[in-house]
Amino acid sequence: MSSTSGQIADLRKSYERAELSEDASHADPLKQFDQWLTEAIAAQLPEPNAMTLATVASDLRPSTRVVLVKGYDERGICWYTNYESRKGQELAGNPYAALQFHWVELERVVRIEGRVEKVSAQESDAYYASRPLDSRIGAWASPQSQVIPGRSVLVANAAKYGAQFMLHPPRPPHWGGYRLVPDAWQFWQGRKSRLHDRLRYRQSGGEWIRERLAP
């Protein structure tokens, strides 16, 4: 074992910032998520809207990446990306995915599982139009997840599409939004002595069932 491995094994943290109880949590998991995300934003955490997205390929190999949540409501959790990327290809073959938010400073984790669908073209158009110009050009310039010989390819593509579209690039047909429709949520709050609070919400008969899991 390397010295670094030994140091990692010895790392310890006592979680004492807050608690999560059945009485002090919302019956609707979306409301609980909204409260925690609002608190993470208010605490000025770095990128509180960053979430890990896990997908599974046809060969059953999982993969993860970090994306940014761009909207949520009773329909689900939304983000935007290249449909031809690795995650897009994996979602096309297996539409089930998982999301995870980790707000380290608040000692909180939210896990969300469900089926993923594309948002409407109108929703994708509206969000694309709200992005800065360089981000809109970037959606054209990057063949996401494909092998390229160097960064110069991206720079050249950005220059080409910038000259072609000027100030009004249309949304690329290969770029748009996804929505994960949750069928399970978990909320984790760190507590002392590793006796963490962990609440799961699961669907049953169209209703959300809230139950405590051992940490």
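Select Q44 to start: this residue follows α2, and its phi is positive, near 60°. You are looking at a predicted model, where local features need pLDDT of at least 70, side-chain atom pairs count only at pLDDT 80 or more, and totals for chains, interfaces and linings use all residues. Residues are numbered from 1 along each chain as its sequence is written, and side-chain values use heavy atoms, with hydrogens and water left out. Helices (H or I, at least four residues) and strands (E, at least two) are DSSP runs, numbered from the N terminus.

**Helix α2**

Now colour by accessibility. Buried means under 20% relative accessible area, exposed over 50%, and partly exposed in between (1.4 Å probe, protein chains only). Which residues of α2 are buried? They are P29, L30, Q32, F33, W36, L37 and A40. Look down the axis of α2: the buried residues fall within an arc of 155°, so they line one face of the helix. The arc is taken from the directions from the helix axis to the C-beta atoms. Turn to the other side of α2, where K31 and A42 are exposed.

Next, select D28. This residue caps the N-terminal end of α2, with a side-chain oxygen 2.9 Å from the backbone nitrogen of L30.

The whole structure holds 13 of them. Pick R108 and E39, whose closest N and O atoms are 2.5 Å apart. This pair links distant parts of the chain: R108 is in strand β6 (residues 108-118), E39 is in helix α2, and 69 residues separate them. Is R108 buried or exposed? At 9% relative accessibility, R108 counts as buried. E39 is partly exposed, at 30%.

Select residues 50-56 (β1) and 62-68 (β2). These strands pair in the antiparallel sense over 7 bridges. Pairing requires at least two DSSP bridges between two strands. Find T52 in this pair; it stands opposite V66 in β2. Then go to the turn. β1 and β2 form a hairpin with 5 residues between them, and L60 in the turn has a positive phi of about 70°.

β1 and β5 run antiparallel and are joined by 3 bridges. Here A54 stands opposite A98 in β5.

Select D73 and R75. They form a salt bridge, with the closest N and O atoms 2.9 Å apart. D73 is partly exposed, with a relative accessible area of 23%. R75 is also partly exposed, at 40%.

Last stop: R212 and D197. Their salt bridge has its closest N and O atoms 2.9 Å apart. Again the pair links distant parts of the chain: R212 in strand β9 (residues 207-212) and D197 in strand β8 (residues 197-204), 15 residues apart. R212 counts as partly exposed at 37% relative accessibility, whereas D197 counts as buried at 6%.

How values were computed
A polar contact is a pair of N or O atoms within 3.5 Å; within protein, one must be able to donate a hydrogen and the other to accept it, and residues adjacent in sequence count only if both atoms are side-chain atoms. A salt bridge is a side-chain nitrogen of Lys or Arg within 4 Å of a carboxyl oxygen of Asp or Glu.
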